[in-house]
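User: I am new to this structure and would like to know how some of its labels come about. Could you take me through them?

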Amino acid sequence: QVQLVESGGGLVQPGGSLRLSCAASGSISSIYAMGWYRQAPGKQRELAAIASSGTPNYANSVKGRFTISRDNAKNTVYLQMNSLKPEDTAVYYCNAVIATMGAPYMGRDYWGQGTQVTVSS
């Protein structure tokens with residue numbers, strides 16, 4: 001009923017920038033939060049940034065370099081990534097807490113398929 005479609009990953013040199021996008025579609029009643037998680041090879045998935053109703057939250061490792069933003073009219077979340085480092089290399093997953101039309105008071109997690117970000121010279 002709900003799909004998250006990501007775009008914008010790729011290969012970039014250290015110090016470069018990328019912008020990720022994630023659009024939610026389907027039978028959406030409300031979106032409570034949208035964010036980005038990432039998983040590097042051999043590591044657990046971790047939160048990179050999340051935007052809900054208040055101030056966005058960032059992992060310490062990306063503060064000052066990544067900026068998350070939402071376009072509520074388009075049900076879309078963006079992640080602007082600047083000053084990228086090799087340690088930012090990971091699969092980035094979009095996450096959203098969404099209540100559907102069928103259950104308008106029950107938010108649940110939805111995940112995108114993931115997009116690869118590789119930072120390498």
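**Strand pairs and loop residues**

Analyst: In this predicted model, Tyr92 stands opposite Thr115 in β11. Residues are numbered from 1 along each chain as its sequence is written. Local features need pLDDT of at least 70, side-chain atom pairs count only at pLDDT 80 or more, totals for chains, interfaces and linings use all residues, and side-chain values use heavy atoms, with hydrogens and water left out.

User: What makes β9 and β11 a pair?

Analyst: Two strands pair if DSSP finds at least two bridges between them, strands being DSSP runs of E with at least two residues, numbered from the N terminus. The antiparallel strands β9 and β11 are joined by 3 bridges, so they meet that definition.

User: Which strand pairs with β11 in the parallel sense?

Analyst: That is β2, residues 10–12, again over 3 bridges, and Val12 has Val119 of β11 as its bridge partner.

User: Why is Asn75 called partly exposed?

Analyst: Buried means under 20% relative accessible area, exposed over 50%, and partly exposed in between, with a 1.4 Å probe and protein chains only. Asn75 has a relative accessible area of 25%, and is therefore partly exposed. Asn75 lies in the loop between β7 (66–71) and β8 (76–81), and its phi is positive, near 50°, although Asn75 is a residue other than glycine.

User: Why does Ser83 count as partly exposed?

Analyst: Because its relative accessibility is 41%, Ser83 counts as partly exposed. Ser83 sits in the loop between β8 and β9 (90–100), and has a positive phi of about 50° without being a glycine.

Key: Helices (H or I, at least four residues) and strands (E, at least two) are DSSP runs, numbered from the N terminus.
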